Amino acid sequence: MLSPSTLASWEGLILIGGLIGIVVWKMMTGEISLEQLFEGETRARDGTRSSDVSGGRVQVFLVTVFVALYYLMQVIHNPKEFPEVPTSVVGVLAGSHAVYLGGKARAMLLSRFRNFLK
Amino acid sequence: MKTIEFWISLVGAILVAFIIAIWVPGDPKDKVAHAIEYGGLIIVFLFGFMILAGIASGKIDISRILEEKSNGDSKASMSRFQLLIFTFVIALSLFLIVVNRTTEFPDIPTNVLLLLGISATTYGVSKGIQAGATSESDDEEKAGEGAEKK
């Protein structure tokens with residue numbers, strides 16, 4: 001008979017692996033839509049909206065994937081303890097997200113700010 | 001709970017616990033401990049599996065997990081996407097570390113919490129910006145409708 005800890009390991013693997021697998025599968029089949037993932041909305045001075053590929057979104061995607069893979073590699077390399085993430089990596093991630101949020105706020109809220117100043 | 005799967009899981013786990021308690025040889029104290037351990041593990045697994053099966057079959061709909069409403073139509077949100085990636089990475093890492101350690105639960109370093117914090121804050125702030133922009137366009141629409149009526 002399997003020991004409780006071995007059984008728990010297999011159960012965890014099936015449940016976590018299964019969830020990740022299902023989500024990835026649904027993304028690949030298009031059931032979870034990734035449409036316009038890289039497209040950001042911009043508002044012109046006259047209030048009209050348009051969407052275009054956003055540099056902020058592309059960079060945040062690349063940095064996120066890089067940091068996530070880096071972290072996962074570190075864990076696979078030494079799965080005994082949580083790896084220390086260098087402060088520079090955390091800084092790069094925070095900066096990248098700040099750029100993304102700044103860009104989004106500028107694109108979506110700038111016209112409101114202009115109207116407020118009128 | 002109205003679902004049959006819930007009751008099957010519950011009865012199954014209790015049944016396994018009884019089988020261990022009655023037929024497996026050994027010290028009664030150990031048998032009680034094993035019955036609770038295996039019963040608990042099985043019920044947690046079956047509950048988790050029910051949710052997974054529901055997601056896979058479409059009974060639990062996660063098709064809009066990455067969608068964000070913007071100006072009336074829905075599109076995939078980068079903030080939701082990055083939060084999903086980080087959640088999966090940290091969950092998988094925690095699982096691998098717990099499985100590979102036989103002693104105590106691992107300490108979670110500050111930087112890991114910081115990574116998740118940055119990710120979740122980005123999602124929250126992004127949602128706030130989105131909500132601000134949506135309320136503004138709603139105001140504009142109402143103002144437009146008011147002008148038309150006049």
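Visitor: How many salt bridges does the structure hold over all chains?
Guide: Over all chains there are five salt bridges. The term stands for a side-chain nitrogen of Lys or Arg within 4 Å of a carboxyl oxygen of Asp or Glu. Please note that this is a predicted model, in which local features need pLDDT of at least 70 and side-chain atom pairs count only at pLDDT 80 or more, while totals for chains, interfaces and linings use all residues. Residues are numbered from 1 along each chain as its sequence is written, chains are lettered from A and ligands numbered from 1 in the order in which they are written, and side-chain values use heavy atoms, with hydrogens and water left out.

Visitor: Which residue does A:K26 form a salt bridge with?
Guide: The partner is A:E31, with the closest N and O atoms 2.9 Å apart.

Visitor: Is A:K26 buried or exposed?
Guide: A:K26 counts as buried, because its relative accessibility is 4%. Buried means under 20% relative accessible area, exposed over 50%, and partly exposed in between (1.4 Å probe, protein chains only). A:E31 is partly exposed, at 42%.

Visitor: What else is A:K26 in contact with?
Guide: Setting aside neighbours within four places in sequence, A:K26 is in contact with A:E31, A:I32, B:I55, B:A56, B:G58 and B:I62. Contact means heavy atoms within 4.5 Å. A:K26 itself is found in helix α1 of chain A. Helices (H or I, at least four residues) and strands (E, at least two) are DSSP runs, numbered from the N terminus.

Visitor: What area is buried between the two chains?
Guide: About 5,800 Å², of which carbon and sulfur atoms give 73%. Buried area is the accessible area (1.4 Å probe) that two parts lose on being put together, summed over both. The contact takes 65 residues from chain A and 66 residues from chain B.

Visitor: Which elements of chain A supply the side that touches chain B?
Guide: α1 (4-29), β1 (39-43), α2 (55-77) and α3 (87-117) of chain A each supply at least two residues. α1(A) gives the most, with 17 residues. By class, that side of chain A has 40 nonpolar, 11 polar and 14 charged residues. Here Ala, Val, Leu, Ile, Met, Phe, Trp, Tyr, Cys and Pro count as nonpolar, Asp, Glu, Lys and Arg as charged, and the others, Gly among them, as polar.

Visitor: What do the buried residues of α2(B) pack against?
Guide: They pack against α1 of chain A together with α1 (4-23) of chain B. Among them are B:Y38, B:L41, B:F45 and B:I55. Helix α2 (residues 28-57) of chain B has 30 residues and reaches 42 Å from its first C-alpha to its last, close to the 44 Å expected at 1.5 Å a residue. The expected span is 1.5 Å times one less than the number of residues. B:G58 follows α2(B), with a positive phi near 95 degrees.

Visitor: Finally, what pattern does each chain follow along the sequence?
Guide: Chain A reads α-β-β-α-α, and chain B reads α-α-β-β-α-α. Of the 118 residues of chain A, 35% count as buried; of the 150 residues of chain B, 35% count as buried.
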